[in-house]
Amino acid sequence: DFLCISLVNGFTQLRYNLGGKTVILQAPQKVRANGNTWHLLKAGRAGNEGYLDLDGINVTQKASPGMNVLDTQTDFFVGGVSSLNLVNSMATENEPIGFTGCIREIVINNRELKLTVTDPKGGANVGDCDGTVCGYSVCKNSGTCQVENTGFSCSCPQEWTGTTCEQSVHCSQNMCGSQALCVPQPSSFSYTCVCALGWAGKYCDSKIKFYIAKFVGNSYIKYTDSYYGKRDLQYSRISLNFTTNQTEGLIAWMGKSEDEDNDFLAIGIANGTLKVVVNLGERISVPLMHRKYFTCSDERWHFVTVVQNQTCIKVYLDEELILFEDIDPQRKYTALNYGGICYFGGFEIGRKVSVVTTGLFQKEFIGKIKDVVLFQDSKKIQLMNAEGYNVYDGNSGN
């Protein structure tokens, strides 16, 4: 299997093979090879349906029967490979040669690669394209970079300040307390403070404790399971109580959520009913929906338990077995390799639930969660002792 983007006789080309035939897409217009024109290239696939977009002109390849998973175990190469004879003969139209030119802002599956000296795993014969200390995107938020004798300086737009225009002027004199985040509110020439776990108040300066976690939107808890190394991942289990009046929301996500290949077990609300999704490998995520007359958006407490026994999934709601399915009778993947990471209510601030879950869930959770138990542990997990923001005491103001 491979996926390759190349230049062929002045045209950009996307080629990929998922185990069957090689799909070839070519942009209709030539690349301006004058050395000073930047081009925006977007390419990829959903299953075996491919697309290639050069400067807004799009070419697509319709889906066809056959393989739909890209199964590669190699590193990701940019501009060339360590040995050109390793390139599949179908990956390029002509003999493969290394790229000569400039590349910037590579984003893969919504994550930007850092094209620095230290971040990549390796490389050779790569230099600084800009040739100055300014480079690309040194000045944030549309700031303008100027080369100085001692380095560079940024000229910032009216709303931003700091050496690289990284700070909002509304947050430059903020009074947000311990570990809090300042969120600018330009329309009111003000700011709000987003509190870290264990803090509350307008400026996040009041210490709090909670056993019931109250999620108010733009909230999340990231819990690291200290017993992960001792778990039998073929027999996973999570149980918790929740209450909400919302018809959409991600309640819990067991998994690293770093890229689309990560295993996960997810619980949430969709259209007011319970939705559980499990992925044990190869991105074959199976959504299980409880579609009875029952609604979970009634502001009552509900008790949910999800049990994974290899590929068999059982879901209990209020102690009634509502779903029981074998998601892969072939038993190809049987372990939930969730990396010891559990998210509750959403993901880190700035990461949208709909994007991270690729549309499986639409929004972050608004409501309350308590009594979370992993596997067959005798104790509930201490949500207070995790990482998170915008989570408050669910006991107060019930």
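# Domains and salt bridges in a predicted model

User: Which domains does the assignment give for the protein chain?
Analyst: Domain 1 (2-112), domain 2 (180-208) and domain 3 (213-393). The bounds come from an automatic or database domain assignment.

User: Before we go on, what kind of model is this, and how are residues numbered?
Analyst: This is a predicted model, where local features need pLDDT of at least 70, side-chain atom pairs count only at pLDDT 80 or more, and totals for chains, interfaces and linings use all residues. Residues are numbered from 1 along each chain as its sequence is written, and side-chain values use heavy atoms, with hydrogens and water left out.

User: How much of the chain is buried?
Analyst: Of its 398 residues, 39% count as buried. Buried means under 20% relative accessible area, exposed over 50%, partly exposed in between (1.4 Å probe, protein chains only).

User: Back to the domains. How far apart are domain 1 and domain 3?
Analyst: Their C-alpha centres lie 35 Å apart. Seven residues of domain 1 are in contact with five residues of domain 3. Contact means heavy atoms within 4.5 Å.

User: How much area do domain 1 and domain 3 bury between them?
Analyst: About 470 Å², with 41% of it on carbon and sulfur atoms. Buried area is the accessible area (1.4 Å probe) that two parts lose on being put together, summed over both.

User: Which residues in domain 1 lose the most area to domain 3?
Analyst: Val69, Asn109 and Arg111. Together they make up 65% of what that side buries.

User: How many salt bridges cross the interface of domain 1 and domain 3?
Analyst: The rule finds zero there. A salt bridge is a side-chain nitrogen of Lys or Arg within 4 Å of a carboxyl oxygen of Asp or Glu. For polar contacts, the rule finds one residue pair across that interface, both at pLDDT 80 or more. A polar contact is a pair of N or O atoms within 3.5 Å; within protein, one must be able to donate a hydrogen and the other to accept it, and residues adjacent in sequence count only if both atoms are side-chain atoms.

User: And how many salt bridges in the structure?
Analyst: Eight. One of them joins the side chains of Arg231 and Asp377, 2.7 Å from N to O. That pair links distant parts of the chain, 146 residues apart. Arg231 is in the loop between β17 (213-224) and β18 (235-243). Asp377 is in the loop between β27 (366-374) and β28 (387-393).

User: Is Arg231 buried or exposed?
Analyst: Arg231 is buried, at 15% relative accessibility. Asp377 is partly exposed, at 24%.

User: What does Lys380 form a salt bridge with?
Analyst: Asp371, with the closest N and O atoms 3.1 Å apart. Lys380 is partly exposed at 48%, and Asp371 is partly exposed at 25%.

User: Which residues do shared partners join into one network?
Analyst: Lys222, Glu348 and Arg351. Within it, Glu348 and Arg351 have their closest N and O atoms 2.8 Å apart. Glu348 is buried at 18%, while Arg351 is partly exposed at 32%.

User: Last one. Where is His302?
Analyst: In strand β23 (residues 302-309). His302 is buried, with a relative accessible area of 3%. Its side chain makes a polar contact of 2.8 Å with the side chain of Asp298.

Key. Helices (H or I, at least four residues) and strands (E, at least two) are DSSP runs, numbered from the N terminus.
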